[in-house]
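Morning, everyone. I have one structure to walk through today, and I'll keep it brisk.

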Amino acid sequence: MFKKILIANRGEIACRVIKTCRKMGIKTVAVYSDADRNAMHVEMADEVVHIGESPTSKSYLLIDRIVKACKQTKAEAVHPGYGFLSENKEFQKALAKEKIVFIGPDAHAIEAMGDKIESKKLAQKAKVSTVPGFLGVIKDVAHAKKIAKDVGYPVMMKASAGGGGKGMRIARNEGEVQEGFERSQSEAKSSFGDDRMFIEKYIEQPRHIEIQLIADRHGNTLYLNERECSIQRRHQKVIEEAPSPFLDAKTRKAMGEQAVALAKAVKYVSAGTVEFIVDTKRNFYFLEMNTRLQVEHPVTELITGLDLVELMIRVAYGEKLPIKQKDVKINGWALESRVYAEDPYRNFLPSTGRLVRYIPPEENKNVRVDTGVQQGGEISVFYDPMIAKLCSWGKDRKEATLHMRAALDSYYIRGVSHNIPFLASVLGKKKFEDGDLSTNFIAEEYPEGFSDKDLPAKDPTVLVAVAAIVHNAYVRRSAGISGQIPGHGRKVPDHWVVASYGAGGKHSEHPVWVSPERKALGENIVSATVKVGKKTVHVNSAWAMGAPLFSAEVNGKWVTIQVDKRPVGYRLFHAGAQMDVGVYTVREAELARLMPHKPPPDMSKYLLSPMPGLLVSLAVKEGQEVKAGETLAIVEAMKMENVLKAERDATVKKIYEPAGASLAVDQMIIEFG
Ligand code: ADP
């Protein structure tokens, strides 16, 4: 076996590859950029090589630096992970020249599958079902209109070199071809340096279902069942699962066999994925083949019991696959949620910064966390804002969903915004529970974007009870200090009033009686019976004072609630929702009612920076009148330019920041008159 492998990647996938290498007794080399000096993959590897500055173009994408790092450390093979150089044939050539093994498919297969038009032609030849359409290159709008008419509306216009959902547009009529074709073409040109476009039928209510393959150099190609990745935001996967709730055994076998046929047609070795779209009648059509390990591979591992990275390493070394098709089974159900540093309440703007506190859920047979960050680490502007891939496993879909919900509840992240409220909301949607999915799921379920309203309204009783218990415990502790004059100690009341605050400061009050029963259960267990109004809640918890997670058995059910102590009161998080509360004695509550409420300042007259970033340019001057929709400024963050537009007609009264300024989140840029 290889003695040493270099991982030409960073973040969670680099850490994931290192884990398997350790298991196999293979030494590892990590490469890193300036920004990743203290990253987790650097800490985990046996050897490390610094390869350049923070931008990927000056480090992780530099072929010669990585080849040099291999030579310097005598690494015999390279695992490319996904993204970066994983599908770059120049990289492969450079490695081959130095006789370093690339852990992945051969260059010819990557090349054949790298182009959408060419791969579709290959698929047709291998008798793989493809989306009906025109496979020539379309020259201009007039040509596009003719083809679209022949194919029949609606159609999908796609860039042949496309990826990541770029250069792709639906057209439902000639007008939309007119409008969208050239835009897609120029997007393709600027993103991929290649403006070849083609047109295919748009499949309505499609599901995205993909087949995982693994092949060795001895002619064995297996399909490791499917993953369904229909929950997508702007063509980017959000929640994936295996198996698909939609496939039957017959369709699974047909898709698997076609995927194998395609792989064999290009003499594919290593792990690869054939993506299909599936219509409502279970007709399936080839989309593309990804010639690398995919982000969502863990769900396949969880239901098959296989380690895909290990298999990739073994076949790269020349070994035969240790299993046959008949050995590939489906055991239970697995889900993956992509946890991102982005703010779902602000249209998913990326959020950078330090993970001030970070406690991932505990891993066990039902929960797997693939991450590349740790407490104190940074989500930097230079890379993908992924925090982790959170996976759950259960004996069926329902159980896997319950484990995922619980894991999300206990995922504690502070310092950056994250999308856990959104993920929790998706899991709670009826259509998700029913497995009634399509790639339009998010657009249809969140037509106005995501907001608090998308979180199912919950009875606040449990949260109110927990707030009262926590507060009661803190007050008891401060009342219990030693050296008090007998008979003069502070009395801790059993009766409290919990005021929960909603948007705009509106609040409701809940009278609560707490009776702690600590004797039976020992000092470490917070056990209490709480009466919230007329309801009674029994709570047993091993919560330690100060701990951010309150896990407890509440009326016989296990729940986890995140509790942040604030200068006044507490902030509780559960099932994606957040609630601010104050816990008062009866007298305090009377007085609190008299306190005037300070409304939050009206910021609608200002343009605020929606994220930390760089103010690239200002499109307006003081005194200028602007119309709704006009561009005001451009802010760059997370490798993306974000155009800030006027929400309504207004006059620019004052400009606070010049172009070139670094902005914090919510920093004022412009004031309107
Ligand atoms: P990319 O390489 O940019 O990711 P894909 O061809 O893989 O592009 O398509 C991405 C997503 O776009 C698919 O998962 C599917 O949701 C949607 N899509 C692509 N082609 C079609 C089509 N012909 N009809 C309907 N949806 C499509």
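Start with Phe192, which sits in helix 8. This is a predicted model, by the way. Buried or exposed, or something in between, for Phe192? Its relative accessibility is 30%, so Phe192 counts as partly exposed. What does Phe192 touch, once neighbours within four places in sequence are set aside? Ala161, Gly162, Gly163, Lys166 and Glu187. Ala159 and Phe192 are 33 residues apart along the chain, yet their C-alpha atoms are separated by 9.0 Å.

Stay with helix 8, residues 174-192, and bring in helix 7, residues 141-151. The two axes come within 9 Å and cross at roughly 135°. That makes helix 7 and helix 8 oblique to each other. The crossing is right-handed. Which residues make the contact? Helix 7 supplies Val141, Ala144, Lys145 and Ala148. Helix 8 supplies Glu174, Val177, Gln178, Phe181 and Glu182. By class, that contact has five nonpolar residues, three charged and one polar.

Move on past helix 7. The loop between helix 7 and strand 7, residues 155-159, holds Pro154. The peptide bond between Tyr153 and Pro154 is cis, with omega about -10°.

There is another cis bond to show. It runs from Ala242 to Pro243, with omega near -5°. Where is Pro243? In the loop between strand 12 and helix 9, residues 249-265.

Zoom in on one pair. Strand 10, residues 207-215, runs antiparallel to strand 13, residues 270-278, and nine bridges join them. Ile211 stands opposite Val274 in strand 13.

How many bridges join strand 29, residues 557-565, to strand 30? Four, and the pair runs antiparallel. Strand 30 also runs antiparallel to strand 31, residues 577-584, with five bridges. Follow Arg571 across. Asp564 stands opposite Arg571, and in strand 31 the bridge partner of Arg571 is Asp580.

The hairpin of strand 30 and strand 31 has two residues between the strands, and Ala575 takes a positive phi near 50°.

Finally, some loop residues with positive phi. Phe84 is not a glycine, and its phi is near 40°. It lies in the loop between strand 4 and helix 4. With a relative accessible area of 28%, Phe84 is partly exposed. Gln205 is not a glycine either, and its phi is about 45°. Gln205 lies in the loop between strand 9 and strand 10. At 32% relative accessibility, Gln205 counts as partly exposed.

That's the tour. Questions, please.

Key. Residues are numbered from 1 along each chain as its sequence is written. This is a predicted model: local features need pLDDT of at least 70, side-chain atom pairs count only at pLDDT 80 or more; totals for chains, interfaces and linings use all residues. Side-chain values use heavy atoms; hydrogens and water are left out. Axes are lines fitted to C-alpha atoms, for helices over the stretch in contact, and angles run from 0 to 180 degrees between N-to-C directions. Angles under 35 degrees count as roughly parallel, over 145 as roughly antiparallel, 65 to 115 as roughly perpendicular and the rest as oblique. A crossing is left-handed if the near helix is turned anticlockwise from the far one by less than a right angle, and right-handed if clockwise. Contact means heavy atoms within 4.5 Å. Ala, Val, Leu, Ile, Met, Phe, Trp, Tyr, Cys and Pro count as nonpolar, Asp, Glu, Lys and Arg as charged, and the others, Gly among them, as polar. Two strands pair if DSSP finds at least two bridges between them. Buried means under 20% relative accessible area, exposed over 50%, partly exposed in between (1.4 Å probe, protein chains only).
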